[in-house]
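The following paragraphs lead the reader through the structure shown below, beginning with a sheet and moving on to a chain and its interface.

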Amino acid sequence: MKRVLLIIGIITGLYCLAPFLWTVITAFKPPGEVFSLPIRYLPRSLSLENFIDVFAKRPFGRYVMNSVIVATGGTLLALAIASAVAFRLRNLPAYKALALQRWILIGAIVPPTLLVIPVFICIKALGLINNPLGLIISYAFLNVPFGIWMLYAAFTRIPKELDEAALIDGFSRPGILARVILPLARPAVAVAAALIFIFCWNEFLIALTLMPDQGHYTVPVGISMLSGASLYEVPWGQINAAVTITTVPVILIVALLQRWIVEGLTAGAVKG
Amino acid sequence: MAQVVFAKVTKTFLKGRVVALNKVTLTVPHRRFVTVLGPSGCGKSTLLRVVAGLEHPDSGEIKIGKEEVTFIPPGKRNVAMVFQNYALYPHMRVFDNIAVGLRLHHYPRGEIRKQVGKVTEMLGIADLLKRYPRQLSGGQQQRVALARALVREPQVFLLDEPLSNLDAQIREQTRAELKRLFRDLKATVIYVTHDQAEAMSMSDIVVVMEKGEIRQIGDPETIYKDPRHRFVAEFVGINRINIIEGEIKGKAFTSQDGSVKIPLKKSYKGGVALGIRPEAIRMGRKPGVTLSAQVTLIEPLGAHKRVFVKVGENELRIVVEADAKVKINDKISITFSPKDVFLFDARTGGRIIP
Amino acid sequence: MAQIVAKRWFRQKRRACILALLTFCLFLVAVPVEAATLRMIGPEDVGGAWGEVIRRFQARNPAIRIHYISGPWSTDERQNMYIRSFLSGDPIELVYMDVIWTAKFAEAGWLMPLDEWYTSRMQEAFLPGAVEAGKYRGKSYRVPVRGDVGMLYYRKDLVPQPPRTWKEFERICRRHPRSPGQSCIVFQGMQYEGLVCDFLEYLWGAGGEVIDAEGNVVLDSPQAREALRFMRRLIDEGWAPKAVLTYQEQHSLSAFAEGKAIFMRNWPYAWTILNRPGSPLRGRVGIVPFIHKEGYESAGTLGGWGLGIAHGIEDPEAAWRFIAFATSLEAQRILHLRRGAVPARKALFADPEILRTSPHYKDLYAIVMRARPRPVHPDYPRISDTLQKHVSAVLAGVETPDEAVTIMARSIEGTVRGEQEGLFKRLGIDYDLRRTVRNTAVFTGISVPIEFLLGLLIALLVHARFRGRALVRLAVLIPWALPTAVMAMSWQWMFNNPFGVINDLLVKAGILSAPLDWLASPGGGMFAAVAADVWKTTPFVVIILLAGLQSIPRELAESIAIDGAGAIERFFNLTFPLLLPFVRVALIFRIIHAAGIFDLIWVLTKGGPADSTRTLGIYIYDVAFRYDEIGYAIFLTVLFLLTLIGASFVIVRLTSLGYERVR
């Protein structure tokens, strides 16, 4: 029986990884071999030319920079706001906090598709179109409900007595959050940060809408715009290389934190 | 060190449905060890928290020293508190746990180190400075909590049932140590507990509370010998006091079932509860009030025995020597002096003084 | 100790840190402004024509810098880029516009009228059709840079006398001997803007029209039906290969160049390519105006590009200077010589230098002077979308010409009148919306159940203990963590024909007899989208269901086993009911997400082919950012949101088992 499960497990694993693996393989093929027929599943030779081309012939490095700035900023801002809110929720009696949480969750469920227009109007009113700050603020607000969800679960596990001892010691309220609660909730904060970072990194629609200027594209938008002089000249080699580069950080994060990610999400699911 | 004054302090919860403190007025004198004693829900913890600033009273005033501190935030009141569960910061080492209060008040680094050193020496935990709370035993954690309070040199020490999480053996030892420590420091201490033995053994002054009200304030001896309220009499004392309900007819007390009759000097209108401590009752026929009783239960407690007897419908406890000869169902006589009897008004609980 | 030191330092320097942070933010906000640079978006500058033009201009005008942004090949994409720049408040200064963009951009107020500089005397030097196409409501917004017109190419060596009418054309197709694999005609039949150009030539050639001079929609006419019927005949009779449905310009050109057709409908650029030295068809090709129905006149669709100035920019004078140069004889000559662009200035058609390399321009002149613009209306993109959709449906045999004409006319009427109607009325006449809702329902209805089934199986698998379980769990997490939009590119690559692995594997496995053009056929597009979505979001279902499985106490499972239940009974009586709360959570998330899906479809198919994958998310985006009707888009969004909330409540109701009502 175990053997059967193992085999099914392997098939499942392959199914999940196959598209990604194929992308990676294509990326490492020399540009000519990308378009060879019949299709070679194992490249005859490995080459980094696609990767070099992506950076040399396109402003891909710029895209990566933009994505890094925006994802990092969004994550930090989201966590700052979410931890403050979760901290406040913690001090409320449980029934009130849970009721509020339900409303907050509605915010988490709404897909970006429905929010893109209002977000666009707001950011434009602020004059932050084509400005990384506009995207950072948008991402922060979109991810705050999720952050609250995760951080609240972790915060409530910290006994309230610590707050009281801290108050008597002379901590200010924000001080308690920063110096007592957050350090104690570090695993949850890390997971929340990782997941929010991934969401921001992967986000497409809002980035497409708020950053029309080519120099400000984030990576997903940039990749989708990669095209050649005509339909036949779609630079698939470069595209696959770009995809590979984009997905590396995400895979690293997931690989390192997988257990906690699953735990965090399931804890949320139980409460949901 | 300062005195603490409560002036008509009232605190309610759940929009008035629960009254934790009801117009409490109390003065904790300068440099005295005061214990607030009472069962859970009597308001003692709330009293402490109000001094600490963790709760704000609905009405009334709190003064520490000369300052009115009713609404001043905890950090600015210069009080220190030791929590029942110690509330040590798990993510900081012992040194930092102790030092954090000083750091927040911007003491210079050298000064902090000196102070922490002094306090931890005093408490015998100087070698634990680099450890984390989870690496310490319960007793050690408690000392760290104490150190954290001591190092601040506050105006008032607040202790919230600090011994209840300790093992029974350590508890007694620590009790003595604490008493000695605070006496040496000549500190103003407000100590909260539900354990009457603790209260009696450690305090200069005991405040007995029930349902948000103070029943009696006094030194331990007075509380024991001269309870002014039925609740105080019932709560204080290693062996629980015997209470017989009844009334005073003519110049005698008659129990409800009629089995107990005691002549008195005065008369009183209304229901009366009679209290007599087990230690004040002798077995056998002696001068005083004698009653016939039947033994229902015997608890051998080592140095003495506690015996339950039935007089009419009333069940009483008496204390006898370890080698006294009693068996269950024995019919015995018990005697006590009317002078040892306390009479309480059945309705208010207040002591009736002839 | 170091910890303490560090904390202290930060605390003391807190003010400084905050200040630094604020400064950093301000720095971000203050977007570096480039001095006096004018930008324009164009296709990749093959041949360096634009480079040369810009170089010469900048040499003579050192204070002005021109930045040529090399955009995607698709003109729709570049239009979107311009629109987004306008909407963003940072418009791209030089608007390099296709003929069909003028009305829309002008109506939206994004363009500056140019009449101040672009006098009627100047206009006379340009092709009349091109000039007209640059006007809207009497004002000029665009100066033509290149002209273009659709026409009929024919093999001079095979057919000495080219046809002028449909009848003549039919006769040649029927009688003329053709080699095996050779068709009579190739044209652009894929669902895109080019198809509209082709269609209009038949329509006009039959005397039909889309919108008349007063602005009425007159598409619903016998002439329109005739035109469509004729187009359909081309395929039915085998005169055009079925493959035209996947042809854009370059595909038909390839086919024609390889001798696979006698006739071709295409733009002038093809001539240059066909007559390059070394080309097998060099000297064997002729051009004539496109065929028309007997009794009517030939018409070619006007194409071409021009430059306008964005409204509200800092230095319109500098912009005009560049435009004046870019549309001058000198610049247009460069564009022609280096890129084969058809000039928009009449004089150049008699220019000796040009005639040397392109002698056919003598003939071309006559054709190009009769080019007709496409329907001028600010909502042209929607009109074009409608025409594309249904004409391609007719060519594919999915709709009859009669059906198509009726629907198209109604749809376009809706579009044209739509602006004036109130929102609810608008909802009623919005035919595109119905199709969109249907697509969304199909997409959600197929992918969600599959995800749940697969998700449940995988969850059961991972829940059981076996070696390597952690690795499988990691593998399962990965599809969910990867960026959707980016992986959609990978899926495009995998579904590609001929380089895609999916075709390869399916053919090798014998499931397919021949590779499919997945992303070019309606069913295939939906299949690809569903496949990609299932792959990506099943992990999410797995995680949630796994949480549920792990929350079932072992004692329950053991006790029910002791009671004598087999594995299947155990599943239905114990596992599934206890899983319901989790199923509910996952279901709500998935349905909401699938219904609102955007990233995947936008990158994979953009809603095509034939609008088969256009879901609500894409539609709302189009309405807001491509059709520029934000009010209506918000209205749709609100309706959508309410529907989703309602659906959530229904789901919660349906999946509650009563034992949860503890409150």
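Predicted model: local features only at pLDDT ≥ 70, side-chain atom pairs only at ≥ 80, totals over all residues.

Two strands are taken to pair if DSSP finds at least two bridges between them.

In chain B, strand 1 (residues 4–13) and strand 4 (residues 59–64) pair in the antiparallel sense, over five bridges. One residue pair illustrates this region: Thr10(B) has Ser59(B), in strand 4 of chain B, as its bridge partner. The two strands belong to an open sheet of four strands in chain B, whose order is 2-1-4-5 and whose pairing is antiparallel. At its edges lie strand 2 (18–28) and strand 5 (67–68) of chain B, each of which pairs on one side only.

Chain C may be considered next. Its 663 residues include 48% that count as buried, and its secondary structure comprises 29 helices and 13 strands. The C-alpha trace of chain C spans about 95 × 75 × 55 Å along its principal axes. Where contacts in chain C link residues at least 6 apart in sequence, 73% of them join residues at least 24 apart.

Chain C also meets chain A. In this interface, 75 residues of chain C are in contact with 66 residues of chain A. On the chain C side, the element that gives the most is helix 21 (residues 469–481), with 11 residues. Sorted by class, the side of chain C that touches chain A consists of 54 nonpolar, 13 polar and eight charged residues.

How values were computed. Residues numbered from 1 in each chain as written. Chains lettered and ligands numbered in written order. Contact = placed C-beta atoms within 7 Å. Nonpolar A, V, L, I, M, F, W, Y, C, P; charged D, E, K, R; others polar. Buried ≥ 20, exposed ≤ 12 C-beta atoms within 10 Å, placed from the backbone.
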